[in-house]
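Me: I am new to this structure and would like to learn how to read it, one feature at a time. Could you give me the general idea first and then the case at hand?

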Amino acid sequence: MRFGEIDIETIPTGMSVAWSMDNFIERPAIAHWMTELNRTGDVPETEVTADNIVGETVAELGAELPENCYLALISWNEENRLAHADDALERGDHITFIGRREAVREAIKHCHPE
């Protein structure tokens, strides 16, 4: 089975190394932070499927998230943007959390229990 057949985008090794080098040169603080976060945290994306959060704003969802977990990004129809407090969540939105690993896993279950 090929990755494309199961909707997984592959990244050429050379491009991966180039992106990593670019991050350490152009954004050293973020690159170091992401390296540290990889040890204790996570930055996953999940789909909004929970009926109880559909229609909630980012601010309302934020009040329900565990400590050390934040909603960072919302993706609608291939458009990505930073989450704003008054953005309303819709079924099928893709949201990206950032935070400590266990807190992020709990947040994902809250938003995508299926």
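Reply: Let us start with burial: a residue is called buried when its relative accessible area is under 20%, exposed when it is over 50%, and partly exposed in between, with a 1.4 Å probe and protein chains only. At 4% relative accessibility, Cys69 therefore counts as buried. Please keep in mind that this is a predicted model, in which local features need pLDDT of at least 70 and side-chain atom pairs count only at pLDDT 80 or more, while totals for chains, interfaces and linings use all residues. Residues are numbered from 1 along each chain as its sequence is written, and side-chain values use heavy atoms, leaving out hydrogens and water.

Me: How many disulfides does the structure hold?

Reply: A disulfide is a covalent bond between the sulfur atoms of two cysteines, and here the term is applied to a pair of cysteine sulfur atoms within 2.5 Å. The structure holds zero disulfides. The closest cysteine sulfur to that of Cys69 belongs to Cys111, and it is 8.2 Å away, which is too far for a bond. Cys111 is buried as well, at 0% relative accessibility.

Me: What is the order of the elements along the protein chain, from the N terminus on?

Reply: Helices (H or I, at least four residues) and strands (E, at least two) are DSSP runs, numbered from the N terminus. The protein chain has four helices and five strands, and its elements run α-α-β-β-α-β-β-β-α. Of its 114 residues, 28% are buried.

Me: Which residues of helix H4 are buried, and why do they lie on the same side?

Reply: An α-helix has 3.6 residues a turn, so residues three or four places apart point the same way. In H4, which covers residues 101–111, the buried residues are Ala103, Val104, Ala107 and Cys111. They share a side of H4 because they cover an arc of only 95° around the axis, where the arc is that of the directions from the helix axis to the C-beta atoms. The face turned away from this buried side carries the exposed residues Glu102, Glu106 and Lys109. The cover over the buried residues of H4 includes S1, S2, H3, S3 and strand S5 (94–100).

Me: With which residues is Thr46 in contact, leaving aside its neighbours within four places in sequence?

Reply: Contact means heavy atoms within 4.5 Å. Thr46 lies in strand S2 and is buried, with a relative accessible area of 6%. Leaving aside those neighbours, Thr46 is in contact with Asp93, His94, Ile95, Phe97, Ile108 and His112. For the protein chain, among contacts with a separation of 6 or more, 68% are between residues 24 or more positions apart.

Me: Is Glu64 buried or partly exposed, and what is in contact with it beyond its neighbours within four places in sequence?

Reply: Glu64, found in helix H3, is partly exposed, with a relative accessible area of 36%. Beyond those neighbours, Glu64 is in contact with Ile53, Glu56 and His110. The C-alpha atoms of Glu64 and His110 are separated by 8.9 Å, although these residues are 46 residues apart along the chain.

Me: Where does Asn68 lie, and what is its phi?

Reply: Asn68 lies in the loop between helix H3 (58–64) and strand S3 (69–76). Its phi is near 70°, a positive value in a residue other than glycine. Asn68 is partly exposed, at a relative accessible area of 38%.
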